[in-house]
Every structure is written in structure tokens, then in C-alpha cells.
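Colleague: I am new to reading models like this one. Can you take me through some features, step by step?

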Amino acid sequence: MCWSARADLVVGGAVTAVGVLCLVRNHRAGRPERLPLAALPLVLGVHQLIEAAVWLGADGDLPAAPAAWARTAWAVIALPLLPLLVPVGVRRAAVDAGPSRRRLLTALVLLGLLVAVPLAHAIATRPVGVTAHAHTLDYRIGIPHPALLLSGYLLATVGALLISGDRRLRHLGLFTAAGALACALLWRLAFISTWCALAALASALLLRWTPSRPLRPPP
């Protein structure tokens, strides 16, 4: 994220707490189809906590081996995991959507898979480097065809939220889409880091989407 390891710790801790609450509420409501998306704030909160360790490594306050593990763990969540988790979560939650919307969401799940495979291969075969620029982190992974993969990445993640058919998920999609544009304009070198941080904050909106009580009576 921007600024420092301390900022990542604060944001990561807060979003992780929201994520735990989302999962607790989802469990109490008995909505297993919403579980993958309800877990998103927890995943992104932990992601920010990991980036705090990346900051420590970049500042020379963490030994080389754990710093390298932190960079790799951060990249695994940011790159191959999110373009799969988000469309899969939206598709699973779309139990009341029409057939055409479900087919479109299924197509975005497949797109997320197509994006995730080369991203995972890049992380598995190349070291993840990072450079601090002022108050941002620039990750270097050597991704092939970055513009094409980034387009597919954003379409799979933001696109799934926008076409979900759920008003609160559309709001989250609009927020993250606007954030992607702002991050691209303001922090081009650290786009993925700043956008993931913004997405972590935005994921707190899922607390309102997660039901606090069963939406239908038990059988």
C-alpha cells in the first residue's frame, strides 16, 4: 500500500477484522453460496498484512529469506488468486440470476482462469522483486504481455461485480473500477500495489452485503 509498513498493518488489521465478521455473519445466515465472496475482505486484509512485511524487507529491516517469501505470497494473492476468487464468488452467489447472466458470469470465471495461469507461471519461474518509490511499492515480476493480462484481470474481477445483478456488488464494482483508473493515473509504477490496497478498503462494503440473519426460513 502507499505510505509505510505501519499503514499496511493498520489497514490490514481493520479489513481482516471486517473479513472475520463477514464470515461469521455468513455462517449464521446459512448462506454457503456466498462464502467465497464473503471471504474476500479476509483475504485482502491478510494481503495488506503481508505487504507490511514486504515494506520491512524493502527497508532492510527483515532478513532476505522471509522478505522473499513475503514478496512471493503477496504476488500469489494479488495476481493469480484474485482474478479467480472474485468471479467464482460472484458466480456462486448469483443463485437468483437469470440464465443469461449466469452464463456471462461463467465466461468471466473462465477468463479469470486464463489470466491466472500465466500469472501463476510467471511467479513460479521468476523471482519477485520490489522497489520503494517515495511512499509506494513497485513490484517487478516479469509478466508476459502485461497490458493484455491486466485487461483480462480487470474484466474478470471488476466486470463480474458490475454484472452481478446485486446492487451492493455493483457499488463495489463501480468503486474498484474508479479506483483502478485513479491508481493508473496517479501511481502508474505502483498500480497493482495501490489498487490492491484500495480494493482491500472497498471490500469492507461486503459487510453490508453479507446477511446478518437467514434470508429464508430453514426447511
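Colleague: In which loop is Gly30 found?

Modeller: First, a caution: this is a predicted model. Gly30 sits in the loop between α1 and α2 (35-38).

Colleague: Is Gly30 buried, exposed or partly exposed?

Modeller: Look at relative accessibility. Buried means under 20%, and exposed means over 50%. Gly30 has 44% relative accessibility, so it counts as partly exposed.

Colleague: Now helix pairs. At what angle do α1 and α3 pack?

Modeller: Read the angle and the axis distance together. Helix α1 covers residues 5-29, and helix α3 covers residues 40-58. They pack at about 160°, and their axes are 7 Å apart. An angle over 145 degrees counts as roughly antiparallel. That makes α1 roughly antiparallel to α3.

Colleague: Is the crossing of α1 and α3 left-handed or right-handed?

Modeller: Their crossing is left-handed. Next, sort the contact residues by class. The contact of α1 with α3 has 16 nonpolar, 6 polar and 2 charged residues.

Colleague: What span should α3 have, at 1.5 Å a residue?

Modeller: Its 19 residues should span 27 Å. The end C-alpha atoms of α3 are 27 Å apart, which agrees. Some of α3 is buried; among these residues are Leu40, Leu44, Ile50, Val54 and Trp55.

Colleague: Which residue with a positive phi follows α3?

Modeller: That is Gly60, with phi near 80°.

Colleague: How many residues of α8 are buried?

Modeller: Helix α8 runs over residues 191-202. Of its 12 residues, 10 are buried, so α8 is largely enclosed by the rest of the structure. The buried ones include Phe191, Trp195 and Cys196. From first C-alpha to last, α8 reaches 16 Å, close to the 16 Å expected.

Colleague: Last topic: rings. How many aromatic pairs are there?

Modeller: The count comes to 1 aromatic pair. Check the ring centres, then the planes. Planes under 30 degrees apart count as stacked. The rings of Trp74 and Tyr139 have centres 3.8 Å apart and planes at 0°, so this pair is stacked.

Colleague: Which parts does the pair tie together?

Modeller: Trp74 lies in helix α4 (residues 64-93), and Tyr139 lies in strand β2 (residues 136-140). The pair therefore ties together parts 65 residues apart in sequence. Both Trp74 and Tyr139 are buried.

Methods: Residues numbered from 1 in each chain as written. Predicted model: local features only at pLDDT ≥ 70, side-chain atom pairs only at ≥ 80, totals over all residues. Heavy atoms only, no water. Axes fitted to C-alpha atoms, helices over the stretch in contact; angles between N-to-C directions. Helix = DSSP H or I, 4+ residues; strand = E, 2+ residues; numbered from the N terminus. Parallel < 35°, antiparallel > 145°, perpendicular 65-115°, else oblique. Left-handed = near helix turned anticlockwise from the far one by under 90°. Nonpolar A, V, L, I, M, F, W, Y, C, P; charged D, E, K, R; others polar. Phe/Tyr/Trp six-rings, centres within 6.5 Å; stacked < 30°, edge-to-face > 60°. Buried < 20%, exposed > 50% of the residue type's maximum accessible area, 1.4 Å probe, protein only. Expected span 1.5 Å × (residues − 1).
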